[in-house]
Amino acid sequence: MKHNTSRQNEHCLTNFDLAEYRQVLSDLAIQIYQQLVRVLENILQPMIVSGMLEHETIQGVSGVKPTGLRKRTSSIADEGTYTLDSILRQLNSFHSVMCQHGMDPELIKQVVKQMFYIVGAVTLNNLLLRKDMCSWSKGMQIRYNVSQLEEWLRDKNLMNSGAKETLEPLIQAAQLLQVKKKTDDDAEAICSMCNALTTAQTAHILKHV
């Protein structure tokens with residue numbers, strides 16, 4: 001971090017009351033933060049469905065290529081197809097830029113938490129919309145992808161940012177795709193496991209598994 005020179009310090013304002021500007025500065029800070037989050041979301045969002053749902057990070061888990069609402073005739077290696085690595089690289093880029101610009105650590109945590117919320121929400125919403133994604137193998141794939149996101153948080157010392165908790169509905173949806181659903185005990189386990197999902201979301205996933 002670059003420090004002020006002696007000449008710069010001589011020009012610092014002294015005995016200057018900023019009270020009347022406090023609200024203006026506060027509003028400006030909020031506006032800048034909101035614009036930053038909006039820009040990052042716009043960059044990240046196009047990667048999420050392909051990277052979290054469509055791309056097979058664990059090769060060979062599913063022998064059937066998903067069709068659903070976005071039919072693909074190309075292979076997963078085709079140009080323009082995003083993968084989980086694409087998402088992780090983009091998160092690395094965001095984090096690096098924020099650190100290089102001396103952004104407050106608490107603000108970095110808040111931004112990362114917002115990015116993870118977007119990843120979880122977009123993935124879950126598309127899972128609910130696409131019957132072809134509701135399978136045991138896709139549940140395994142999602143859980144693996146989430147574990148990689150958690151590893152990223154751990155590597156950046158951001159496990160206490162609250163970002164991991166925003167993925168809980170997606171984690172529970174993935175578990176729901178893999179749980180047994182035959183006996184009363186199974187039903188009880190499902191009810192206790194899915195506290196981060198609404199009843200409608202739980203029923204929708206079970207209907208299509």
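The model is predicted. The protein chain has nine helices and zero strands, and its elements, taken from the N terminus on, run α-α-α-α-α-α-α-α-α. Of the 209 residues in the protein chain, 37% are buried. The accessible surface comes to about 13,000 Å², and carbon and sulfur atoms contribute 53% of this area. The contacts of the chain can also be described by separation in sequence: among those between residues at least 6 apart, 77% join residues at least 24 apart.

One instance of helix packing involves α2 (residues 22–54) and α5 (residues 136–155). The axes of α2 and α5 are 8 Å apart and form an angle of about 115°. On the α2 side, the contact is made by G51, M52, L53 and E54, which meet K138, I142, N145, V146 and L149 of α5. By class, the contact of α2 with α5 has five nonpolar, two polar and two charged residues.

Helix α5 also holds W152. Is W152 buried or exposed? Its relative accessible area is 7%, which is under the 20% limit, so W152 counts as buried. Leaving aside neighbours within four places in sequence, W152 is in contact with L88, L91, N92, H95, V112, F116 and L158. For one of these residues, L91, the separation from W152 is 61 residues along the chain, while the C-alpha atoms of the two are separated by 8.7 Å.

Attention now turns to the charged pairs. A search of the whole structure finds six salt bridges. One of them joins E106 and K109, with the closest N and O atoms 3.4 Å apart. Both residues lie in helix α4 (residues 105–129), at a spacing of three residues, about one turn of the helix. K109 counts as buried because its relative accessibility is 16%.

Another salt bridge is formed by R130 and D132, whose closest N and O atoms are 3.5 Å apart. R130 is buried, at 3% relative accessibility, whereas D132 is partly exposed, with a relative accessible area of 29%.

Because E150 lies in helix α5 and K164 in helix α6 (residues 163–166), the pair ties together parts that are 14 residues apart in sequence. E150 is buried, with a relative accessible area of 14%, and K164 counts as partly exposed, at 25% relative accessibility.

At the surface, which residues form a nonpolar patch? L18, Y21, L25, L28 and I32 do so, with about 470 Å² of accessible area together. L28 has its place in helix α2. Its relative accessibility is 41%, so L28 counts as partly exposed.

N157 lies in the loop between α5 and α6. The phi angle of N157 is near 55°, a positive value in a residue other than glycine. As background, most residues other than glycine have a negative phi. With a relative accessible area of 63%, above the 50% limit, N157 is therefore classed as exposed.

A196 is placed in the loop between α8 (184–193) and α9 (199–208). A196 is partly exposed, with a relative accessible area of 29%. Leaving aside neighbours within four places in sequence, the residues in contact with A196 are E168, P169 and Q172. A196 and Q172 are 24 residues apart in sequence, and their C-alpha atoms are 7.2 Å apart in space.

How values were computed:
Residues numbered from 1 in each chain as written. Predicted model: local features only at pLDDT ≥ 70, side-chain atom pairs only at ≥ 80, totals over all residues. Heavy atoms only, no water. Patch = residues over 30% accessible without salt bridge, like charges linked within 9 Å, V, L, I, M, F, W, Y side chains within 5 Å. Areas by Shrake-Rupley, 256 points an atom, 1.4 Å probe, with all protein chains shown as cover. Salt bridge = Lys/Arg side-chain N within 4 Å of Asp/Glu carboxyl O. Helix = DSSP H or I, 4+ residues; strand = E, 2+ residues; numbered from the N terminus. Buried < 20%, exposed > 50% of the residue type's maximum accessible area, 1.4 Å probe, protein only. Axes fitted to C-alpha atoms, helices over the stretch in contact; angles between N-to-C directions. Contact = heavy atoms within 4.5 Å. Nonpolar A, V, L, I, M, F, W, Y, C, P; charged D, E, K, R; others polar.
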